[in-house]
Amino acid sequence: RVEDKFQCALNTLESQGKDTAEIDALIARYNTMVANAKENYTKARASFKDAIELRTSKNLTEAEIEQVIKLNKEGKAYTDAAKAAIKDSHEIVKQIIKAIKENGGDLDNCSKIVENKQKDNDEQEVVTENNETLDDELTADTTINTTENTAAVNVNAEASASS
């Protein structure tokens, strides 16, 4: 949503004929930092997961113990790198906000626009999920009714045949 808010403000500034090259560059740096944080977080989780899986083995060998220690250290390093990238991205966000305001951009209005779009998307997702659930229930009811009707027809047919 942060990126959407920035993009909204940029679009407004560009429509007013303002030069947004500096802000575009800051946003590109921000996106890189966020991607870096996500990547390091994913790597950290994988390292910790591998360490846990290995550690839950019984009777670890010396080499396995060393591997667990190594994986935990790697996980910690990736976590630290992710935290640093998030901290750096926060500083860039401050710079972006400052640059947008200095150029006359209105982030408050863009925040309202983006939040309304998100709210509409969330409502649409709920409606879709509810419709899918309702469709599943209707399909299940139809299947049950069809099965019950088929069973009743078979019972009636057997009763007629035996009479």
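**Note on a disulfide and the helices around it**

1. Cys110 lies in helix α4, where helices (H or I, at least four residues) are DSSP runs numbered from the N terminus. This is a predicted model, in which local features need pLDDT of at least 70 and side-chain atom pairs count only at pLDDT 80 or more, while totals for chains, interfaces and linings use all residues. Residues are numbered from 1 along each chain as its sequence is written, and side-chain values use heavy atoms, with hydrogens and water left out.

2. A search of the whole structure finds one disulfide, a term that here means a pair of cysteine sulfur atoms within 2.5 Å. The bond joins Cys8 to Cys110, with an S to S distance of 2.3 Å. Since Cys8 lies in helix α1 (residues 2-15) and Cys110 in helix α4 (residues 107-162), the pair ties together parts that are 102 residues apart in sequence. The torsion about the S-S bond of Cys8 and Cys110 is about -75°, so the disulfide is left-handed.

3. Are the two cysteines buried or exposed? Cys8, at 17% relative accessibility, counts as buried, and Cys110, at 2%, counts as buried too; buried means under 20% relative accessible area, with a 1.4 Å probe and protein chains only.

4. Leaving aside neighbours within four places in sequence, Cys110 is in contact (heavy atoms within 4.5 Å) with Lys5, Cys8, Ala9 and Thr12. Cys110 and Phe6 are 104 residues apart in sequence, yet their C-alpha atoms are 7.9 Å apart in space.

5. Tyr30, not counting residues up to four places away in sequence, touches Val2, Glu3, Ser89, Ile92, Val93 and Ile96.

6. The buried residues of α2, which include Ile23, Tyr30, Asn40, Ser47 and Leu54, pack against α1 and α3. At 1.5 Å times one less than its number of residues, the 35 residues of α2 should span 51 Å, which agrees with the 51 Å between its end C-alpha atoms.

Definitions and conventions. Helices (H or I, at least four residues) and strands (E, at least two) are DSSP runs, numbered from the N terminus. Buried means under 20% relative accessible area, exposed over 50%, partly exposed in between (1.4 Å probe, protein chains only).
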